[in-house]
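Here is a short tour of a protein model, written for someone who likes to know the cut-offs behind each term. Have the sequence and the coordinates open as you read.

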Amino acid sequence: MMATGTKGSLIHMGSQMGHVGGPNRALYCASKWALEGMNKAFALDLAAHGIRSNTIAPTFIETPLTKPYFEDPAFKASVLEKIKIGRIGAPEDLMGAVLFLAGDASAMMTGTSLVVDGGWTAE
């Protein structure tokens with residue numbers, strides 16, 4: 001983008017775990033906290049080029065990769081206990097955040113994260 005002078009928006013897919021800790025998730029949390037830091041550094045480095053950098057930090061989203069985890073009733077219950085809205089996320093729950101960050105409505109946003117977590121991090 002810099003080489004072609006293209007202005008725009010970088011959108012990184014993070015996780016709520018880039019904002020909180022979780023049991024048995026040290027490495028995952030570390031990688032997501034690192035992504036949040038990289039996002040902020042990109043925001044500082046790229047703003048002068050008209051390039052914004054933000055992350056979306058979702059809660060658990062049911063996908064073919066995560067679906068087997070939710071077949072364990074204890075795991076699913078522990079996740080639902082933390083998601084205050086009371087359901088596991090779907091990919092469609094992230095579409096609004098992606099469209100917002102990609103468009104002009106977020107023209108003054110860079111170096112931040114939209115946490116789409118159903119209330120998990122509110123506690």
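A salt bridge here is a side-chain nitrogen of Lys or Arg within 4 Å of a carboxyl oxygen of Asp or Glu. This is a predicted model, in which local features need pLDDT of at least 70 and side-chain atom pairs count only at pLDDT 80 or more, while totals for chains, interfaces and linings use all residues. Residues are numbered from 1 along each chain as its sequence is written, and side-chain values use heavy atoms, with hydrogens and water left out.

**Charged pairs**

How many salt bridges does the structure hold? There are 2 salt bridges. In one, the side chains of E123 and K84 meet at 2.8 Å, N to O. This pair links distant parts of the chain, 39 residues apart: E123 is in the segment after β3 (113-116), and K84 is in the loop between α3 (73-82) and α4 (95-102). Another salt bridge joins R87 to D93 at 2.9 Å, N to O.

For accessibility, buried means under 20% relative accessible area, exposed over 50%, and partly exposed in between, with a 1.4 Å probe and protein chains only.

| Residue | Relative accessible area | Class |
|---|---|---|
| E123 | 68% | exposed |
| K84 | 43% | partly exposed |
| R87 | 43% | partly exposed |
| D93 | 30% | partly exposed |

K32 is buried yet has no salt bridge, and the nearest side chain of opposite charge, E36, is 8.7 Å away. In that search Lys and Arg count as positive and Asp and Glu as negative, while His and the chain ends are not counted.

**Overall layout**

Helices (H or I, at least four residues) and strands (E, at least two) are DSSP runs, numbered from the N terminus. The protein has 4 helices and 3 strands, and from the N terminus on the order is β-α-β-α-α-α-β. Its C-alpha atoms fill a box of roughly 50 × 25 × 25 Å along the principal axes. Of the 123 residues, 33% are buried.

Contact means heavy atoms within 4.5 Å. Among contacts with a separation of 6 or more, 68% come from residues 24 or more positions apart. The protein exposes about 7,300 Å², with 64% of it supplied by carbon and sulfur atoms; accessible areas come from the Shrake-Rupley method with a 1.4 Å probe, and for residues only the protein chains shown count as cover.

**Around helix α1**

K32 sits in helix α1 (residues 26-46), and Y28 is found in helix α1 too. Leaving aside neighbours within four places in sequence, K32 is in contact with M13, G14, S15, M17 and G18. Y28 is partly exposed, at 41% relative accessible area.

**Nonpolar cores**

A nonpolar core is a set of buried Ala, Val, Leu, Ile, Met, Phe, Trp, Tyr and Cys residues joined through side-chain atoms within 4.5 Å. Which residues make up the largest nonpolar core? They are M17, C29, F60, F70, V79, I83, I88 and W120, 8 residues in all. Apart from it lies another core of 5 residues, among them I56, I61, A97 and L101.

I61 is in the loop between β2 (51-58) and α2 (67-70) and is buried at 12% relative accessibility. Beyond neighbours within four places, I61 is in contact with T66, F70, I88, G89, A90, P91 and L94.

**Aromatic rings**

Rings of Phe, Tyr and Trp (its six-membered ring) pair if their centres lie within 6.5 Å; planes under 30 degrees apart count as stacked, over 60 as edge-to-face and the rest as tilted. By this rule there are 5 aromatic pairs. One of them is Y69 with F75, tilted, at 6.0 Å centre to centre and 50° between the planes. The rings of F70 and F75 have centres 5.8 Å apart and planes at 35°, so this pair is tilted. Y69 is exposed at 53% relative accessibility, whereas F70 is buried at 8%. Ring pairs link F60, Y69, F70, F75 and W120 into a cluster.
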